[in-house]
Amino acid sequence: MLNLKIEKEFQGFKLDIAFQSDAPVTALFGRSGAGKSTILKLIAGLVKPDKGTIVLDDTTLFDDVSGVDLPAHKRGLGMVFQDARLFPHYDVKTNLTYANWAGGRKTNLEFSRVVDLLGLAHLLKRQPQNLSGGEKQRVAIGRALLSNPSLLLLDEPLASLDIERKRALLPFLRAIRDEFKIPMVVVSHDPMDVHQLAEHLVIIDEGQVVEEGNVRSVFASHAMQERLGERNQSAVIEANISGFERDYGLTLLSVGNPSLGATIRLHMDESTGEGMCRLLIHARDVALALSKPCDTSLQNCLPAKVAEINVSDNAHMLITCDVAGQTLFSQITKKSFDELGLEPGKTVFALIKSVALA
Amino acid sequence: MRCFIKYIWLLISVFLMSAAVTVPASSQDRVVVFAASSMKDALDQISASFEVDHPEIDIILSYASSGVLARQIANDAPVDLFVSASTDWMNYLVEQSQVKQNDIKSLAENQLVVVAPENTSDNSDWREILERGRFVMGDPSHVPAGIYAKQALTAQSLWVKVSQNAVLTENIRVALGIVERQEAGAGILYQSDVQLSDRLQIIHRFSDKDHAKISYPVVRLNAANDAAGIFFDYLFTQGAQSTLAAYGFNSVGAQTASEAADHQIFENPTPYLWPIIFLSLKVAFVAMLFAVPLAYAVAFLLARYEFRGKAFVQALVMTPLVMPPVVTGYLLLLLFGNKGEIGQFLSYFGVEFAFKWTGAALAAGLMAFPLLVRPMRLSIEAIDQGVVDAANTLGANVWTRFRTVFLPLSLPGIIAGAVLGFAKSLGEFGATITFVSNIPDETQTLSLAIYSFLQSPNGDDAALTLMLISIAIALGAVLLSEMVSSRLYRKGQM
């Protein structure tokens with residue numbers, strides 16, 4: 001459990017932040033310059049707050065009232081910086097083991113397991129300047145992991161990477177979350193990065209917490225939609241695996257109670273049989289119909305109720321729908337809106353073109 | 001506009017007028033005289049009274065050690081008259097075909113004396129004083145006064161007993177200052193030098209038989225300059241000779257110096273080169289041993305911290321680079337000498353700098369300090385704070401961060417600084433000679449030895465050998481540092 005309540009003023013910028021989270025992964029999301037990275041530095045002990053408290057589980061890291069200010073090297077946290085910050089004068093292996101031989105930290109993690117998971121085995125003898133951006137970032141993650149951290153702080157771990165490398169690195173981060181069970185705080189300016197990792201989302205703007213909560217509720221909020229922009233409005237839906245159509249390689253996911261008939265069919269690489277999944281659905285991928293269409297290739301058709309109607313731009317409307325108690329957005333043209341005669345409370349069917357697993 | 005042009009014309013005419021005023025002065029007869037430093041006060045007064053009698057003649061006097069002047073004359077310096085403090089340098093010019101033996105005349109003679117500080121309570125015999133403690137004299141390897149002093153002490157069977165007490169100086173005026181400040185108990189000087197000071201007393205006069213005749217030969221070099229002939233003759237008039245006598249020189253009247261020129265007072269320098277090289281390396285190495293860690297600390301402070309008076313510290317560190325070395329050397333002598341505050345304090349702990357090789361190392365280290373700090377500071381400033389932060393979050397405390405991040409990453413700067421400083425220490429001259437003098441086997445490092453050999457008419461070969469060696473050492477040091485740093489770079493340090 002991370003409990004944070006801090007104030008910090010510097011260079012005319014005021015940071016006043018309070019949130020708490022016991023989620024495996026907490027994401028701090030906001031525009032660049034919102035103060036996200038500074039929050040990580042405050043937690044890590046690299047920047048001193050003006051006042052407030054930082055408490056991790058039972059340990060007080062900082063408290064201005066009682067005068068506690070644990071120095072960074074004694075906080076036992078792992079930090080992964082945006083620009084990797086490997087030691088240029090040590091090879092990869094020496095970098096990875098730095099916390100052990102220089103910081104005197106013992107880890108229960110097996111060195112070879114971390115190396116294998118991050119795909120670093122063939123790089124151990126290399127010097128950092130001979131690594132690619134993605135490789136550097138993986139070494140930095142491994143180095144932080146092997147410092148036996150009670151909390152892992154990741155500052156835009158994916159931002160400096162291209163799409164290709166981002167795709168390659170994400171599974172590593174998920175593996176760390178699921179395998180090593182080390183709680184993480186991830187900073188990102190891209191919601192498409194964070195929704196895949198985090199359960200708890202904190203939106204930061206101009207040094208303040210704007211919205212906070214689980215990923216689904218934060219995505220449904222206005223604050224989030226505002227920040228996503230016209231083109232990217234989307235919702236996160238939670239669904240349970242309720243069955244399979246093995247002949248087609250599809251997994252059946254029910255939103256809410258299976259008896260409601262809100263079922264999504266999806267091809268999943270790693271189908272585990274049971275459990276909850278989070279799906280990211282863009283508003284532009286959701287069409288609305290007044291009756292259930294029968295002759296269409298679209299398989300995903302969810303019964304929904306119109307909850308809210310907003311003007312999106314000159315030609316589009318944003319319809320907020322309620323699907324079994326969860327929020328789904330649909331972006332349709334004004335013309336369609338007029339022809340369908342939509343109004344709040346009206347029952348519709350949401351037709352979903354594509355679904356991304358979150 | 002017209003007004004402006006008028007103004008310009010006015011300026012030009014003023015300029016022309018002022019030029020016209022100086023024209024007669026430049027057409028005045030000029031006599032350029034090169035003279036040994038020991039003659040300065042006497043010759044200044046003689047030329048002043050000469051110019052009263054001969055306002056049309058301008059006497060320009062240039063003083064330096066006889067050896068320096070003779071070598072400049074051998075290289076065709078535009079000079080009319082040369083007054084040397086030794087006949088050897090006249091003979092050197094005869095050999096170089098710059099002067100004819102018959103043109104050389106003896107201007108004056110001098111006497112060698114032993115002096116002690118005026119207010120000394122020590123009434124012991126002069127022999128006892130020399131045997132008991134430190135005394136100063138000129139360096140017998142090339143300073144004429146030192147050569148005579150060694151001859152006299154040898155004649156008195158004292159040289160073997162007292163030579164280890166001798167502080168050898170480059171310049172007899174420096175020796176005089178040392179006795180005046182009581183840094184040494186006694187000094188062997190010329191009678192003419194003692195005349196200048198009221199803080200010295202003569203405790204012994206050597207007899208002429210103890211040493212070769214101390215003669216000041218003079219020669220006219222430019223037969224075409226009539227004014228030079230007039231001044232040359234004036235030097236032997238009653239008035240000029242009595243001025244010389246007033247300054248402690250023995251008047252000789254106009255006599256040819258040929259018989260004085262028969263003997264050679266300079267010994268052939270036997271260059272024991274290894275001790276000189278070894279001493280130079282030792283001095284430079286010890287200087288770096290102490291200066292490098294200190295310089296790194298200062299560089300670290302300047303690179304990483306903001307504090308009040310930082311600009312002052314920065315300027316202070318750079319001063320040895322811009323201050324005249326002789327000033328640095330003299331300040332060191334005042335502070336670290338046996339009479340200096342710090343010198344006295346350190347002597348309680350058995351640390352002594354004055355006229356010791358340790359002092360040479362101190363001077364070298366101080367002069368090299370700015371060269372050490374600069375590359376170190378730059379290399380520390382180049383270290384990414386982010387990497388330091390990373391080490392911090394990985395559990396490294398202050399000392400570990402210093403050991404595992406700062407030190408290895410600034411190593412190229414440390415090496416570059418140390419090599420530069422080492423080369424500077426080998427070459428240090430001005431501050432060293434002023435602070436600890438030029439004592440063979442004690443403070444005579446490479447450049448001082450080269451200088452000494454150049455002071456002697458027979459020292460050319462030894463000087464050249466040492467010059468080549470010092471060039472080789474300097475080149476070797478720089479090559480070594482290049483190799484080390486390129487190796488570090490290959491390893492991926494930066």
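**Exercise 1.** In this predicted model, determine how many residues of domain 1 of chain A are in contact with domain 2 of chain A, and how much area the two domains bury.

*Solution.* Start with the bounds: chain A is divided into domain 1 (2-230) and domain 2 (232-357). Their C-alpha centres lie 33 Å apart. Next, count the contacts, taking heavy atoms within 4.5 Å: 14 residues of domain 1 of chain A touch 17 residues of domain 2 of chain A. Finally, take the area: the two domains bury about 1,400 Å² between them, with 48% of it on carbon and sulfur atoms. On the domain 1 side, A:Arg216, A:Gln225 and A:Glu230 supply 46% of the area buried against domain 2 of chain A, more than any other three residues.

**Exercise 2.** Find the salt bridges and polar contacts across the interface of domain 1 and domain 2 of chain A, then describe the domain 1 side by element and by residue class.

*Solution.* The rule finds 2 salt bridges across this interface. A:Glu238 forms a salt bridge with A:Arg216, and the closest N and O atoms are 3.4 Å apart. This pair qualifies because the cut-off is 4 Å. The count of residue pairs in polar contact between the two domains is 4.

Now assign the domain 1 side to elements. Helix 8 (215-220) and helix 9 (222-228) of chain A are the elements that give two or more residues to the side touching domain 2 of chain A. The largest share, 4 residues, comes from helix 8 of chain A. By class, the domain 1 side has 6 nonpolar, 5 polar and 3 charged residues.

Technical notes: Residues numbered from 1 in each chain as written. Chains lettered and ligands numbered in written order. Predicted model: local features only at pLDDT ≥ 70, side-chain atom pairs only at ≥ 80, totals over all residues. Heavy atoms only, no water. Domains from an automatic or database assignment. Buried area = accessible area lost by both parts, 1.4 Å probe. Salt bridge = Lys/Arg side-chain N within 4 Å of Asp/Glu carboxyl O. Polar contact = N/O pair within 3.5 Å; in protein donor to acceptor, adjacent residues only side chain to side chain. Nonpolar A, V, L, I, M, F, W, Y, C, P; charged D, E, K, R; others polar.
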